[in-house]
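Here is a short report on how parts of this chain pack together. Look at the sequence and the structure first, then read on.

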Amino acid sequence: MNFDPARPGDATKNKRLDAQNALSSASAASIAPASPPGSPAAAPAAPPPELRAILEKTAAFVAKNGAAFEAKVRASNAANPKFAFLRPENEFHAYYRAHV
């Protein structure tokens, strides 16, 4: 028996297949391609040199003194834009975390 879109059963089957294909395509498009095994992850954005020194020195002290020290620095410098990297939403936070 051959496919005939003019036949009622075949047209319904065709629409169902089209809907399934559309869902499959949409699902595949929304999945980000995985990095090949062993490939390095994308490096976090590096801050400008004048901020990098502050960030790296703070990261070294936090690595040495712990999370309580980090919380104290964050609280005492909450209004200081040079320490904005301590907040998770900051663009340089990932760079900071990589250095702790």
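## Two helices in contact

The axes of helix 2 (residues 49-65) and helix 3 (residues 67-76) come within 6 Å and cross at roughly 140°. That angle makes helix 2 oblique to helix 3 (under 35 degrees is roughly parallel, over 145 roughly antiparallel, 65 to 115 roughly perpendicular, the rest oblique). Helices are DSSP runs of H or I with at least four residues, numbered from the N terminus. Axes are lines fitted to C-alpha atoms over the stretch in contact, and angles run from 0 to 180 degrees between N-to-C directions.

Which residues meet? T58, F61, V62 and N65 in helix 2 meet A67, F69, E70 and V73 in helix 3 (contact means heavy atoms within 4.5 Å). The contact residues divide into 5 nonpolar, 2 polar and 1 charged. Ala, Val, Leu, Ile, Met, Phe, Trp, Tyr, Cys and Pro count as nonpolar, Asp, Glu, Lys and Arg as charged, and the others, Gly among them, as polar.

## A cluster of rings

Ring pairs link F83, F85 and Y96 into a cluster. Rings of Phe, Tyr and Trp (its six-membered ring) pair if their centres lie within 6.5 Å; planes under 30 degrees apart are stacked, over 60 edge-to-face, the rest tilted.

The ring centres of F83 and F85 are 5.9 Å apart, with planes at 35°, so this pair is tilted. Both residues, F83 and F85, are buried (under 20% relative accessible area; exposed is over 50%, partly exposed in between; 1.4 Å probe, protein chains only). F85 and Y96 also form a tilted pair, 5.2 Å centre to centre with 50° between the planes.

## About the model

This is a predicted model: local features need pLDDT of at least 70, side-chain atom pairs count only at pLDDT 80 or more, and totals for chains, interfaces and linings use all residues. Residues are numbered from 1 along each chain as its sequence is written, and side-chain values use heavy atoms, leaving out hydrogens and water.
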